[in-house]
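Me: Could you take me through this structure? I am new to it and would like to begin with the helices.

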Amino acid sequence: MKIQQGYSYHIKDKFFDMVQDKFLMSNKENGNYRPHFYAIQDKKNLGLYWMIPISSQVEKYKEIIEKKKKKYGKCNTIVIGKFAGKENAFLIQNTFPIIEEYFDHVHTIEAKPVTVHKELNEILTENLREVLAMHSRGIKLTFTDIEAIKEVMERELEHKNY
């Protein structure tokens, strides 16, 4: 499967079984594939993709955004944007890295892949890069243990390349 930025994807269960991070959003809900994740390719390691969960609980996250803006002056960990014609919350605070092997399928509606608008993609990419840069300076803005997950994914990539 060719992974493309601008699309959202569902992830295979075996990724969640292997990683066991309590802050990863659960893969299935009432027998459905949920949530789906927006994919952004890593700039340094092109075999890694950063997955951003997409939530329909917009009102809940709007309140959290407002609290963060009052406390810190801004919020770069949650972005509200249009996806599939509706407002959704993109949860950069729950991002994690993954490799192509664990992608299950692209998210579709009526058998057509759903894309993210170019402007929203730019905002998500910029905010993700900012959050990851802050993380590398010791400022942890994510719930997931991105370092531990990244190590596992990079090890798997190394083994695949041998």
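Reply: What follows goes through the helices, the cores, the aromatic pairs and the salt bridges.

Me: Before that, what kind of model is this, and how are residues numbered?

Reply: This is a predicted model, in which local features need pLDDT of at least 70 and side-chain atom pairs count only at pLDDT 80 or more, while totals for chains, interfaces and linings use all residues. Residues are numbered from 1 along each chain as its sequence is written, and side-chain values use heavy atoms, with hydrogens and water left out.

Me: Fine. How many residues does α2 have?

Reply: Helix α2 covers residues 58-72 and has 15 residues. Its first and last C-alpha atoms are 20 Å apart, close to the 21 Å expected at 1.5 Å a residue. The expected span is 1.5 Å times one less than the number of residues. Helices (H or I, at least four residues) and strands (E, at least two) are DSSP runs, numbered from the N terminus.

Me: Which residues of α2 are buried?

Reply: They are Val58, Tyr61 and Ile65. Buried means under 20% relative accessible area, exposed means over 50%, and partly exposed lies in between (1.4 Å probe, protein chains only).

Me: Where do they sit around the helix?

Reply: Seen down the axis of α2, the buried residues fall within an arc of 65°, so they line one face of the helix. The arc is taken from the directions from the helix axis to the C-beta atoms. β5, β6 and β7 are among the elements that cover these residues.

Me: And what does the opposite face carry?

Reply: The face of α2 turned away from the buried side carries the exposed residues Glu59, Glu63, Lys67, Lys70 and Lys71. Just after the helix, Gly73 has a positive phi of about 90°.

Me: Which salt bridges involve Lys62?

Reply: Lys62 forms one with Glu59, where the closest N and O atoms are 3.9 Å apart, and another with Glu87, at 3.0 Å from N to O. A salt bridge here is a side-chain nitrogen of Lys or Arg within 4 Å of a carboxyl oxygen of Asp or Glu.

Me: How far apart in the helix are Glu59 and Lys62?

Reply: Glu59 and Lys62 are 3 residues apart in helix α2, so about one helical turn separates them. Glu59 counts as exposed at 53% relative accessibility, whereas Lys62 is partly exposed at 30%.

Me: How many salt bridges are there in the whole structure?

Reply: A search of the whole structure finds 4. One of them joins the side chains of Glu101 and Lys14, at 3.6 Å from N to O. Glu101 lies in the loop between β8 and β9 (103-106) and Lys14 in helix α1, so this pair ties together parts that are 87 residues apart in sequence.

Me: Changing topic: which residues of α3 are buried?

Reply: The buried residues of α3 include Leu120, Leu124, Leu128, Val131 and Met134. The buried residues of this helix pack against β4 (36-41), β5 (48-55), β6 (78-83), β7 (86-91) and α4.

Me: What comes after α3?

Reply: α3 is followed by Gly138, whose phi is positive, near 95°. Leu141 lies in the loop between α3 (118-136) and α4 (146-160). Leaving aside neighbours within four places in sequence, Leu141 is in contact (heavy atoms within 4.5 Å) with Asn76, Thr77, Gln93, Val131 and Met134.

Me: What about the largest nonpolar core: which residues touch the most other members?

Reply: Of its 20 residues, those are Ile11, Phe15, Met51, Phe96, Ile98, Phe103 and Met153. Apart from this core lies another, of 17 residues, among them Trp50, Phe90, Val131 and Leu132. A nonpolar core is a set of buried Ala, Val, Leu, Ile, Met, Phe, Trp, Tyr and Cys residues joined through side-chain atoms within 4.5 Å.

Me: Last topic: how many aromatic pairs are found?

Reply: A search of the whole structure finds 9. Rings of Phe, Tyr and Trp (its six-membered ring) pair if their centres lie within 6.5 Å; planes under 30 degrees apart count as stacked, over 60 as edge-to-face and the rest as tilted. Phe16 and Phe37 form a tilted pair, 6.3 Å centre to centre with 35° between the planes. Phe16 is in helix α1 and Phe37 in strand β4, 21 residues apart.

Me: Are Phe16 and Phe37 buried or exposed?

Reply: Both Phe16 and Phe37 are buried.
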